Amino acid sequence: MTPVELSRTVLRAVRRAVDAGELVAPVPEWAQVAPPGPGGRGDYATNVALQLARPAGRPPREVARILRSHLADAEGVAGVDITGPGFLNITLDGSGAQALVAEVLRRGARYGVVDEPTGELVQLHHPREVRAAVTAHAVARILRSQGALVRTSCEDEPDPAWAAVLGVSVDAHGTPAAPAPLKVNVRPVPAGQDPTPLGRDAARWALLHPASHDRPRITSDHLLQREANPLFRVRYAHARTRALTRNAATLGLTSAPGDVQDNDATHLVDALAAYPHVLATAARHRAPDRLARHLVTTADAVLAFQHTVLPLGDEKPSAAHRARLALAEAAGAVLAGGLSLLGIDAPEHL
């Protein structure tokens, strides 16, 4: 069961509880599911009981108990626990990782992307400053991935000296003719110096990886081909997933989603499962740094996992190797998709 399918399962449980008269509350349009936080358990957790407590006029844990009875017998669910103030912690029946990998491979770089427009209209207006322009450009791409209709504008025409290098464009610039001027709503801490000598990819990463309230470091460290450089780790991890596919082909090994249970694989599965939630959160908070940091987390999980993918020595290719290869390929798709949303290239060779 994928996170999207699990979210729908949670919503069906809410509807059954409402239809049975056990809860009097509006059924939300979406139920957030994500890997459990500290103190949690199982494969996923949802805060839907906390969300419904106020309109239902009941304590969150009481709402959680009602929903648990409708969730526990759902197909694909092995168990449901209640933790903290009312989080529902869901354990899947063992096919969760396999279905997740299959979904990522099916969707490719569009995994986590919303297919249908949501009707949300967003105007992003920013000053004529390089970090603000790059941030607005990335935020617009992330918002569009989540179904929003976005228009970008700048107080003045972007400086051609950095707009072309960094791949920045806006839909409009200058003072609008509307009775009320547009409010500047994208204003990160400005870059202290010109980032263009770093080139497009490293410069965009240098501006987008820090939180908007932090001053970015514009240094040549972003160009280093070392693990201390987060951008290098992300791009290297993507390149490694592509190399694994090429090397597997020489062995006659193809990928097939399956059961992968070692600890390193679990960390990687958790990162892939959280990706749609990270995209939605980055869009909601206008925070591309959240996506950038999650790509680092995913890359680190790939680099820890990669050594188990292919057969070693005289070891024969098996179903476990095919499942690990599928997981690595799914991770590569997520890394490529996330970098693309940040406007950064994901090379196959590095």
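Predicted model: local features only at pLDDT ≥ 70, side-chain atom pairs only at ≥ 80, totals over all residues.
Visitor: In what order do the four strands of the open sheet lie?
Guide: Strands here are DSSP runs (E, at least two residues), as helices are runs of H or I with at least four residues, both numbered from the N terminus, and two strands pair if DSSP finds at least two bridges between them. The edge strands are β1 (33–34) and β3 (77–83), each pairing on one side only. With antiparallel pairing, the order is β1-β2-β4-β3.

Visitor: Which residue of β4 is the bridge partner of Ala-45?
Guide: β1 and β2 (residues 44–46) are joined in the antiparallel sense by two bridges, and there Ala-45 is the bridge partner of Ala-34. β2 also pairs with β4 (residues 87–92), again in the antiparallel sense, over three bridges. In that pairing, the partner of Ala-45 in β4 is Asn-89.

Visitor: Which residue takes a positive phi in the hairpin of β3 and β4?
Guide: β3 and β4 pair in the antiparallel sense over six bridges, with Val-77 opposite Leu-92 of β4. The hairpin has three residues between the strands, and the residue with a positive phi near 60° is Gly-84.

Visitor: What is the handedness of the β-α-β unit made by β5, α5 and β6?
Guide: β5 (residues 121–126) and β6 (residues 149–154) pair in the parallel sense over six bridges, and Leu-121 stands opposite Leu-149 in β6. A crossover counts as right-handed if, with the strands pointing away from the viewer, the path from the first strand over the helix to the second runs clockwise. With helix α5 (residues 130–145), the unit is right-handed.

Visitor: How is α1 oriented relative to α3?
Guide: Axes are lines fitted to C-alpha atoms, for helices over the stretch in contact, and angles run from 0 to 180 degrees between N-to-C directions. The axes of α1 (residues 3–19) and α3 (residues 60–71) come within 9 Å and cross at roughly 110°. Angles under 35 degrees count as roughly parallel, over 145 as roughly antiparallel, 65 to 115 as roughly perpendicular and the rest as oblique, so α1 is roughly perpendicular to α3.

Visitor: What is the handedness of the crossing of α8 and α10?
Guide: α8 (residues 230–250) and α10 (residues 288–305) pack at an angle of about 50° with their axes 9 Å apart, which means that α8 is oblique to α10. A crossing is left-handed if the near helix is turned anticlockwise from the far one by less than a right angle, and right-handed if clockwise. For α8 and α10, the crossing is left-handed.

Visitor: How many nonpolar residues does the contact of α10 with α11 have?
Guide: α10 and α11 (residues 319–341) pack at an angle of about 155° with their axes 10 Å apart, which means that α10 is roughly antiparallel to α11. Contact (heavy atoms within 4.5 Å) is made by residues including Leu-291, Leu-295 and Phe-305 of α10 and Arg-324, Leu-327 and Gly-338 of α11. Ala, Val, Leu, Ile, Met, Phe, Trp, Tyr, Cys and Pro count as nonpolar, Asp, Glu, Lys and Arg as charged, and the others, Gly among them, as polar. By class, the contact of α10 with α11 has two polar residues, one charged residue and, as the number asked for, 12 nonpolar residues.

Methods:
Residues numbered from 1 in each chain as written. Heavy atoms only, no water.
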